[in-house]
Amino acid sequence: MENMDNMDFETIHDKQFDELFQLLENRRMKELKGILEEMNEFDIAEFVAELDEGMMPVVFRLLPKGMAADVFANFEAPEQELIINSITDSELGAIIEELYVDDAVDMMEELPANVVKRVMRTATPETRNLINQYLKYPENSAGSIMTAEFVDLKKYMNVKESIARIRRIGEDKETIYTCFVTSADRKLEGVVSVKELLLSDDETVVEDIMDTNIVFAMTHDDQEEVAEKISDYDLMAIPVVDREGRLVGIVTVDDVIDVMEQETTEDFEIMAAMTPSDKPYSRTGAAEMWRLRVPWLMFLMLSATFTSMILNSFEDALSVQTVLIGFIPMLMGTGGNSGAQSSTAVIRSLSIGDTEPADVLSVIWKELRVSVLCGATLSAVNFLKMLLVDRMLLGNPSVTVIVAATVSISILFIVMFAKVVGSTLPIIAEKIGVDPAVMANPLISTITDAVSLLIYLEMAKVFLHI
């Protein structure tokens, strides 16, 4: 491979892939295998996924058994299905036995039923029972994302015995950096890190160095709560216990990263008025996108009927002061933007645990003060803009001082309403158990559009007597 000094990671990555493709094209399989064995499993999965369907199984078979399982775990569901359909039952069984349980469970949830049946048929009875146990946990719970591959110690063991046990069983565990101390009946009693073991004398008993102030999760806890705990306490792994306090699995930081990506994607989709999808954009067909998007679009379109009804009811009044019509889009847009700002900030605060439903009054009070400041600023700027630009520069005599005041005062009240509503609805959603992201920009805008019109037209009645 050519000199890679002064190259950034992406350049090195691309050059490596170019070399791999060249070796494959020239059928230099031995050299290709040698390079693949030195690469990271994620990069191998990315390279194999770029191959055509005929070559993917060929290259995959070049990998050693242990590495093949790690690469397989990094594939997306379509690549996993293709590999499964291209290998023998014995090869598939070997991969399943090498996979961590949480990766195997994730695969089962994504693959078609006929493929799942074949996978389960090739797994050993022990692995099959373990996978079935995990599949029984509620979706998006701690139990559904945990793994059973952890290092457990006893409190009466000394450091020398503990390190010997880690060496003996650690190779097949998802993490060895955090070890969990359990009793004879598997009750969780403490946590000790490998660092603490290595820095202690050989004869030191685990009970003397283990931490009994344990941060843990329950099997039915929501995966977002688990992610928050790992983030808040800077953990590498968190133990998961059942209702009797028995240790049944752990959730590691890499699982949490996947959860955070999944939850963030879901929130973005909901906030953009789309039904969440468990497939990436590139793998979602047009028909499925239509199915996910059209219900929300239809709901929002029909909701806009209220806006039309309000305009129609004030049609005669607006015909007297037609100049008011031109400022409706600006007012509705300002209200929608103001509400979106507040809802986005509150949704984010709720998602990271910074705000709770009990804080609703303090949130309203804060947003009310912010709305007064923002509304007053926008009103003042708009008042000057209407008189200087609309009246003087554009020569529109209909824009009088009283018209400018009407529009500007409307802005103040619209911003106040929008920000209070935008901050309150996500908290109400959280309180009743609905995803706060539902109360995001599209829905807030629909509500504020209708109310903005009412505020504006009521202001016009008061100041312009229409």
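Predicted model: local features only at pLDDT ≥ 70, side-chain atom pairs only at ≥ 80, totals over all residues.
Me: How do I read the packing of helix H5 (residues 65–74) and helix H7 (residues 89–98)?

Reply: Two packed helices are described by the distance between their axes and the angle between those axes. Here the axes of H5 and H7 come within 9 Å and cross at roughly 75 degrees. H5 and H7 are therefore roughly perpendicular, a word used for angles of 65 to 115 degrees.

Me: Which residues make the contact?

Reply: With contact meaning heavy atoms within 4.5 Å, H5 contributes Lys65, Gly66, Ala69 and Phe72, and H7 contributes Ala94, Ile95 and Glu98.

Me: Which residues of H5 are buried?

Reply: Buried means under 20% relative accessible area, with a 1.4 Å probe and protein chains only. In H5 these are Met67, Ala68, Ala69, Val71 and Phe72. Their cover includes helix H2 (29–36) and H7.

Me: How do I read the two faces of strand E2 (residues 178–182)?

Reply: In a regular strand the side chains alternate between the two faces of the sheet. In E2, Thr178, Phe180 and Thr182 lie on one side, Cys179 and Val181 on the other, and all are buried. Five of the five residues are buried, so E2 is largely enclosed by the rest of the structure.

Me: In which sense does E2 pair with strand E3 (residues 188–193)?

Reply: Strands pair if DSSP finds at least two bridges between them. E2 and E3 pair in the antiparallel sense over five bridges, and Cys179 has Val192 of E3 as its bridge partner.

Me: What should I know about the numbering and the values?

Reply: Residues are numbered from 1 along each chain as its sequence is written, and side-chain values use heavy atoms, leaving out hydrogens and water. Local features need pLDDT of at least 70 and side-chain atom pairs count only at pLDDT 80 or more, while totals for chains, interfaces and linings use all residues.

Terms used:
Axes fitted to C-alpha atoms, helices over the stretch in contact; angles between N-to-C directions. Helix = DSSP H or I, 4+ residues; strand = E, 2+ residues; numbered from the N terminus. Parallel < 35°, antiparallel > 145°, perpendicular 65-115°, else oblique. Buried < 20%, exposed > 50% of the residue type's maximum accessible area, 1.4 Å probe, protein only.
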